[in-house]
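Please examine the model shown below.

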Amino acid sequence: MALVRTACPLNCYDTCTMLLTVRDGRVVEVRGDPDHPVTAGFVCPKASAQLERHYSSSRILHPMLRTTGGWRRISWREALDMLAGHLERARRAGPHTILHYHDHGSSGLLKSLSRRFFNALGGVTEATGSLCWAAGVAAQRYDFGHHLAHDPSDLVHSRLIILWGRNPVHTNIHLVPFLRRARHARVVLIDPGYSASAALAHQHLKPRPGTDGALALALAAEIIRHDRADLDFLTSCCLGYDRFQEAALSWTPERAGTVTGVDPESIASLARGYAGGPSAIILGYGMQRYSNSGQTVRAIDGLGAVAGQLGRPGGGVNYANGWAELTLTSLTGRELRKHRQEGIPRAALADELLGAAGRDMRMLVVTGANPVNQLPDASRTRRALATIPFKVVMDLRWSETAQEADLVLPAASWLEQEDLFASSWHKYLTYAEQVVAPRGEARSEPQVFSELACMLDLPGDWQRQAGDWIQLALEPLGLDAAGLRGSWFANPAAQDVPWSDRLFMTPSGRFEFVSGLAVSEGAPAAAAYREPAEAGLGSTWAPTYPFFFLSPRHRNHTHSQFYSNMLSVDGFPSVFLHPSALARLRINPGEVVIVSSPRGSLQGRAQARAGQREDVVVVYEGGSVLTGAGANLLTPQGLTDLGLGARFYDCRCRVDRAVEEVAAG
């Protein structure tokens, strides 16, 4: 029996470090590493479910080729020869005729070698932007120069903690103990939908979806009006404060109350508490999934600067922790490109492929992603992907995208390869060991792309093994990879309180309320509030689709992974409405309902939930769009104002009772 240390491969906030018990070549137990400062001996339900997924009877174990007679098992040699041939022919037609769709369905530094391969191929069309955090990352790049977060242990210094669009009980469970240790802090939750994290909060504000920017500007204005602004910080460390001040002061608590639906006195009270500090804002993805998302995050960043909560213990506007990205060597090989990189934003992929961008597209290669399930307006996405003549998917399971492919390659699971894992919210890295031998003929992505690169004689030093790549990544930190295998360790360059030296990574070296970089990239210079596109009160869709449709994550699944646990016995997803909304619609809990938007519809079972706004409908994202259970059958294409993000929550819907079919006779 052996005890092996690894990390959860899920792309979520926590990235647990785990101890696995291995007996006779099989993992028999998964538990959190008790010595890890963050994981602290426990794992979330999703990490535990990874073991079941690894040993599932439905895993893809062999290369599979679609034929006129159905799926046929082929050898790796046949699969690689076929793939190399298609790549070579497409490359001769022009690198832009190859679309590489990649994401973080399985995280780990070595997954970026797929991008290195396509850069070495000359530079192909890449899926750009992000479905998760792009708008917030772009906003903080303009304001701070990079996205850096306080170490979670710093929360003990906070006197007020605002969870803004973040639901740690479901999506960031290892943050919860740090919140509980902050015994002297008042916790305020800002979230229009139901949030299990309301149990952690002293107060729950529920703004109308997409209006968080107006709330942030009103909070800043209250601080300014009552002479609570940190003038020393604003004068010595900031650029363009006058412009932000002018925009903020147009917002009174009363005006913001009308727009957001939040009580004006609650706005004034929160402003007083936040200015007193030390006060920490912990942002989630929720409030940056609208057409106005980037400006929302910039307004919240500005609020932090006005109150002097930046670079201060117990403070910060904490969105994501980019220390790894900032300090590790990138393995993506951008220097290997021979051609200008073409890009198609993920959140607008269908429109682009059904337009000019798709006319010459010859092949699609998908790694670490399930775009058929995860992209907005799923029905249109399927039609768009179907226009590509040859589609290759590398995956662990028969995802919706794999089912639409022509060639499917079996991916090694997290247990079957070594990799380096970083977290998106804390400073620790884990060098995960390979735990067991691959099942069937599964291969890791680095192994597959290294072999393909050698077959095509591509540059990029593809003879390296996993440990060599990890050593290359760690070189800027002066760390020896060999001595770290099977361990976790702190990034030595990470600071527990970023910006404490008051030196920012912007062009001016200051916090930038007004960003010349933003202007040069075609974005607004400074934060301002604009109504969301579809969710706005003035939307032309409002009369027909009176509800706001939110599709967050649940603690038991990540995107399309493990979503079957969320379905009722008869296969319906739950549709959550406020009890008063159900009464108004004359729908009883448990009834089958149809939720529809301007793009499509799904059927589900109505459930009452008093913790959300009366005008909000919640269906957890990730359900199968092939069986009609996916929230993305309703969500809109379109980009956020910054960062090429997806505006999943900028969505209106209606709810109707399903018409029961009565069998004849």
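Two strands are said to pair if DSSP finds at least two bridges between them. Helices (H or I, at least four residues) and strands (E, at least two) are DSSP runs, numbered from the N terminus. The model is predicted: local features need pLDDT of at least 70, side-chain atom pairs count only at pLDDT 80 or more, and totals for chains, interfaces and linings use all residues. Residues are numbered from 1 along each chain as its sequence is written, and side-chain values use heavy atoms, with hydrogens and water left out.

Strand β24 (residues 592-596) has pairings with two strands described here. With β27 (residues 652-657), β24 runs antiparallel and is joined by four bridges; Ile 594 has Asp 656 of β27 as its bridge partner. With β25 (residues 601-608), β24 is again antiparallel, and five bridges link the two. Here Val 593 is partnered by Gly 604 of β25. Four residues separate β24 from β25, and the two form a hairpin. Because four of the five residues of β24 are buried, this strand is largely enclosed by the rest of the structure. Buried means under 20% relative accessible area, exposed over 50%, and partly exposed in between (1.4 Å probe, protein chains only).

A separate topic is the open sheet of three strands, whose order is β18-β19-β20 with antiparallel pairing. Its edge strands, β18 (419-421) and β20 (487-490), each pair on one side only. Strand β18 is joined to β19 (residues 428-432) by three bridges, and Phe 421 has Thr 430 of β19 as its bridge partner.

Helix α7 (residues 212-225) contains 14 residues and spans 20 Å from its first C-alpha to its last, close to the 20 Å expected at 1.5 Å a residue. That expected span is 1.5 Å times one less than the number of residues. Of the 14 residues of α7, 13 are buried, so the helix is largely enclosed by the rest of the structure. Just after α7, Asp 227 takes a positive phi of about 55°.

A cavity is a set of points, on a 1 Å grid over the protein atoms alone, where a 1.4 Å probe fits but cannot get out; lining residues have an atom within 4 Å of a point. Grid points are joined across faces, edges and corners, and a volume is the space filled by probe spheres set on the points. There are ten cavities of 30 Å³ or more. The second largest cavity holds about 390 Å³. Among its 26 lining residues, Gly 165, Asp 191, Gly 286, Pro 552 and Tyr 649 are the closest to its centre.

How values were computed
On a 1 Å grid over the protein atoms alone, a cavity is a set of points where a 1.4 Å probe fits but cannot get out, and a pocket is an open set with protein on both sides within 12 Å along at least five of seven lines; lining residues have an atom within 4 Å of a point.
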